[in-house]
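Student: I am new to this structure. Could you walk me through it, one feature at a time?

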Amino acid sequence: MGNRQIQHRLLVYLRHELCTPINAMIGYSELLLEEIQIQQQTNLISDLQKIHACSQQLLTLVSTILDPAKLEMSQIEGGLDSFGATLRVELLTPLSAIVGYCEMLLEDAPASLIPDLDSLNTSAQQLLTLVNDIVSLAQQQLQILNTQEAQPLLLESPAAVTFIRSATTTLETLSQESPEKQVQSGTILAIDDSNPELLARQLKRHGYTVTTATSAQQALRLLKAMPCDLILLDVIMPGMNGLELLEKLKQHESWRHIPVIMISALDEIDGAVKCIELGAEDYLQKPFDPTLLKARIGACLEKKRLRDQEILYLQQVDRLTTAAAEIEAKTFNPKSLDDLNQRSDEFGQLVRVFQRMAQEVQSRERSLEQQVNFLQAAIHKEQRSEIADELAATNHFRQIQKRGKGSRDTENLYRGSLYPSLSRFATNGDQSSVDDRTSVTDRIHRVDLAAIETQSDRTTQTIIVHSFRGGTGKSNLTSNLAVSLAKQGKRVGIIDSDLQSPGIHLLFGLDEETVTLTLNDYLSGRCALYEAAYDVSHALPSPSGAIYLIPASVKASDITRILREGYHDEKLLDGFSEISRDLKLDVLLIDSHPGIDPGTLQAIAASGLLLLVLRPDYQDYQGTAVIVELARMLSVEAISLIVNRALPGFDVESYRQQLEASYEVPVAGILPFCEELMHLSSSEIFSVCYPDHPFTQVIDQIGQQFIR
């Protein structure tokens, strides 16, 4: 370490030691001023105010004279005696005044004030001792710096000797290299309206993932859509300021535990105090010291990491507690704790022991149940035979027996009921049903590209029909919307991209025998996408446009394979363009898988229009809000809402206005609850069966909005 560095650090430590008794003097004088006002000892106020003013003067002198950043080293090295004498004179003048006033107050003050006055006087005497030895201390330190050899310090005051020992220990600690710590990775949300990109670049250089926001509103939208480990929040912002946003964050159940570091160009202590009171972890003043900023962020992320570990551990303990209750209720599944028994610590050992004990208990219970059942069977064997004979004689049993031998004549089960006819699936028994099915499938055929007329300047509109969860009527809406568009002369394509639970093919009369190639075959590279397209224009009530359907496979093996092996999202997106070009489509409707997954997000990003289907249901409201925010982040060109199953009592126009104000997107249509649609049960296309129904009229109105 160089001489200048040692001298610099010694001055810092010296300033700290001198400021310690000065701060005590300021604190005791303020306490005494408050106390005498309460006791109405007005005759003491003047002397205490002078002590307080002299203490503040001492603090200013020490902070200014011994500031290493402002003090020229030549002032010390060139004239040490002069520097030391000047420093001593500067400090002794106000210090002597403080000692004098203290002595006078100790004579005149009431007994209740004596302890604090004694403490104030003691602090002044400690400072006086340090000031008297400060010249000798500076001379001895200069000698050490010049000779580069450690010399014994010959100081008169024991307090000065103690000070030098403390300074030496501190300097050795400061000179030691800090151990290299692993940088805590994390996602940081930087909220700053002035220059967020500069702050983001500084943080990214340290290995953090940074997202920026320039307003409180934008920050709240980002927090809803993405997880966050730390927030850097500017105090002064337009609209909702940083303090208001901080208060809102700390009141939110999901965000209150995210650490927040406030940043500001203001240096007022009141602002920092207010931020800490509202729940901020720290307060940093602009411009930042890069090393200090990195240290503060690292400390906050480490604290959050430890807290997340604690929460996870408590959740796992809660799961174990719940499992114990399930054992008592005889509902426990040992595999429900398989992820916890992989832990290598003592908790993992506890889980493994718990699972073994639970399996033993369940095994004993099953054994007892088998014994009881055997005894009951032995007792009631004769009675059981009589009941079995009675059941075997019933018509219902004969029908079940017939189906068990391979018959698919299920039509009789539904005759006279409210459920739709199953004639489409009959293969034996009812010849008219077979004939009807054959007539439908004869009209369904694979697409022949050569038969499609070439038309120039055709632009395909891609529409994704999506919902946050299943059961919203998305597939029914897609098929009816396709018919509505085709009735207006459009060439419409439909892709059933709900690979996990396909079903739109049923609405158009396709079955396993008719469908030879599917979307699954295209994604697996076994065919071109147009080869898996089927002309289902027979569903149209009169010749007009055309409808082409690309179904997904309903075979369990194909569904399992696609779930296990996955597929390239880019291939599906490429297929959208290929099929639009090959089939000369005006509109391409994509029936998506509900929810949020990478494939769905890719499709949403590629869409020209996103139709979000929801029901008047609070879970749908919340989930749709999430998808709307994600779609905005993906820069989707257009978003519209379609509400399904609105009850008869709904004020449609008022409800529409409320939805559009809440989501800030247009509502394309509100479909009424329809009993006829429930009875039809996806066996036919509703708008074809009921062309004049109010439901069909709303579908046609929706379709007209998207015609270019």
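Tutor: Gladly, and let us begin with one strand. Helices (H or I, at least four residues) and strands (E, at least two) are DSSP runs, numbered from the N terminus. Buried means under 20% relative accessible area, exposed means over 50%, and partly exposed is in between (1.4 Å probe, protein chains only).

Student: What is the mean pLDDT of the protein?

Tutor: pLDDT is the predictor's confidence in each residue, from 0 to 100. Here the mean is 77, and 75% of the residues reach 70 or more. Over residues 148-157 the pLDDT is below 50, and this stretch has 17 contacts in the model beyond near neighbours in sequence (a contact means heavy atoms within 4.5 Å). Residues 396-434 also have pLDDT below 50, with 40 contacts in the model beyond near neighbours in sequence. Where pLDDT is low, the predicted coordinates should not be read in detail.

Student: Back to the strand, then. Which way do the side chains of β10 point?

Tutor: In a regular strand the side chains alternate between the two faces of the sheet. From β10, Ala546, Tyr548 and Ile550 point one way, while Ile547 and Leu549 point the other way, and all are buried.

Student: Which strands pair with β10?

Tutor: Two strands pair if DSSP finds at least two bridges between them. Strand β8 (residues 491-496) pairs with β10 in the parallel sense over 5 bridges, and glycine 493 stands opposite tyrosine 548 of β10. Strand β9 (residues 534-535) pairs with β10 in the antiparallel sense over 2 bridges. There, aspartate 535 has tyrosine 548 as its bridge partner.

Student: Which strands pair with β12?

Tutor: Strand β7 (residues 461-466) pairs with β12 in the parallel sense over 4 bridges, with leucine 611 of β12 as the bridge partner of valine 465. Strand β13 (residues 639-646) and β12 also pair in the parallel sense, over 5 bridges. In that pairing, leucine 614 has valine 643 of β13 as its bridge partner.

Student: Now the helices. Is serine 55 buried or exposed?

Tutor: Serine 55, in helix α2 (residues 45-65), counts as buried because its relative accessibility is 0%. Leaving aside residues up to four places away in sequence, serine 55 touches Ile22, Met25, Ile26 and Ile98.

Student: How does histidine 16 compare with the cut-offs?

Tutor: Histidine 16 lies in helix α1 (residues 3-39) and is partly exposed, with a relative accessible area of 48%. Histidine 16 and leucine 66 are 50 residues apart in sequence, and 9.7 Å apart in space from C-alpha to C-alpha.

Student: What does arginine 296 touch?

Tutor: Not counting residues up to four places away in sequence, arginine 296 touches Ile261, Asp282, Tyr283 and Leu284. Arginine 296 lies in helix α12 and counts as partly exposed at 25% relative accessibility.

Student: Where is valine 317 found?

Tutor: Valine 317 is also in helix α12, which covers residues 290-329, and is partly exposed with a relative accessible area of 31%.

Student: What are the totals for the protein as a whole?

Tutor: The secondary structure comes to 27 helices and 14 strands. Of the 708 residues, 42% are buried. Among contacts between residues at least 6 apart in sequence, 71% join residues at least 24 apart.

Notes
Residues numbered from 1 in each chain as written. Predicted model: local features only at pLDDT ≥ 70, side-chain atom pairs only at ≥ 80, totals over all residues. Heavy atoms only, no water.
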